[in-house]
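Subject: Structure handover

Hello,

Here is the structure for you to look through. My notes follow below it.

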Amino acid sequence: TLEIARKVLDDVRAWKGHGFQPRTSINLDARVAEEPSVGPTLIELVRERKLEPAQICLELTETAFPEDMTRLIEVMTRLRMAGFNLSLDDYGTGVSNFELLRLCPFTELKIDGSVMRSAPTEPIARRFIQSAVAMAHDLDMTVVGEGIETEAQLSTARQLGVTTIQGFLFSRPVSFEGMLRELSAAPPRLEARAC
């Protein structure tokens, strides 16, 4: 995870050298994030590259339930205090999502792609998204809809109040050079997401 973060932050620094400063997201597994050295290491990696922590969003993912929820909350809180944005990834699928949402200072709620893709045809998915958007707005969080692949999914997401969209409808994964081309041609709100 930290090697991926180093690579992504090196890319962010290089983009900055070309005059671009996109907000960039990095996936951070909950089991890795609870390690006490991870927070200070991420802070130092950003500082070494002369980047602003607010430019970086750490997307907390759950491949396994954290062993020590208290330690995870402490690390995430310290990262937020350092200025990083924090995203609760895959909202709608994880068993501890609510507990994490309740206890961590997230700035973003990222609704899982399976929920977003089913919304055009499934009323329950639409209701779930509506309630997630309302809750996130009440908590002053940005809402991201991930996995958008069709115009119908995009239209539904917009109707339901999802303001930030991610998915193959806009772009497949691209190389560093491809990202430079995307940034050069993009509207100013393009974000880079590293998985």
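Start with a salt bridge: Asp 11 pairs with Lys 7, and their closest N and O atoms are 3.0 Å apart. Please keep in mind that this is a predicted model. Both residues sit in helix 1, four residues apart, about one turn of the helix. Their surroundings can be compared by accessible area. Asp 11 is buried, at a relative accessible area of 15%. Lys 7 is partly exposed, at 47%.

Helix 1 holds another such pair. Glu 3 forms a salt bridge with Arg 6, with 2.8 Å between the closest N and O atoms. These two are three residues apart in helix 1, so about one helical turn separates them. Glu 3 counts as exposed, with 57% relative accessibility. Arg 6 is partly exposed, with a relative accessible area of 27%.

Next, the packing of helix 1. What does Asp 11 meet, along with Ala 14 and Trp 15 of helix 1? The partners are Phe 176, Met 179, Leu 180 and Leu 183, in helix 9. By class, this contact has six nonpolar residues, one charged residue and no polar ones.

Now the geometry. Two packed helices are described by the angle between their axes and the distance between the axes. Helix 1 covers residues 2-17, and helix 9 covers residues 176-185. Their axes come within 11 Å. The crossing angle is roughly 40°. The two helices are therefore oblique to each other. Angles under 35 degrees would have counted as roughly parallel. The crossing of helix 1 and helix 9 is right-handed.

On to a salt bridge elsewhere in the chain. The side chains of Glu 59 and Lys 110 meet at 2.8 Å, N to O. This pair links distant parts of the chain. Glu 59 is in strand 2, Lys 110 is in strand 4 (residues 108-111), and they are 51 residues apart. Are the two partners buried or exposed? Glu 59 counts as buried, at 1% relative accessibility. Lys 110 counts as buried too, also at 1%.

Asp 10, Arg 13, Glu 48 and Arg 49 are joined by salt bridges that share partners. How many salt bridges does the structure hold? The total is 13.

Last, two backbone points. Lys 50 is not a glycine, yet its phi is positive, at about 55°. Where is Lys 50 found? The residue is in the loop between helix 3 (38-48) and strand 2 (56-61). Lys 50 is exposed, with a relative accessible area of 65%.

Asp 90 is the other point. Its phi is near 55°, again a positive value in a residue other than glycine. Asp 90 lies in strand 3 (residues 85-91). Asp 90 is partly exposed, with a relative accessible area of 24%.

Best wishes

Methods
Residues numbered from 1 in each chain as written. Predicted model: local features only at pLDDT ≥ 70, side-chain atom pairs only at ≥ 80, totals over all residues. Heavy atoms only, no water. Axes fitted to C-alpha atoms, helices over the stretch in contact; angles between N-to-C directions. Parallel < 35°, antiparallel > 145°, perpendicular 65-115°, else oblique. Left-handed = near helix turned anticlockwise from the far one by under 90°. Contact = heavy atoms within 4.5 Å. Nonpolar A, V, L, I, M, F, W, Y, C, P; charged D, E, K, R; others polar. Buried < 20%, exposed > 50% of the residue type's maximum accessible area, 1.4 Å probe, protein only. Salt bridge = Lys/Arg side-chain N within 4 Å of Asp/Glu carboxyl O.
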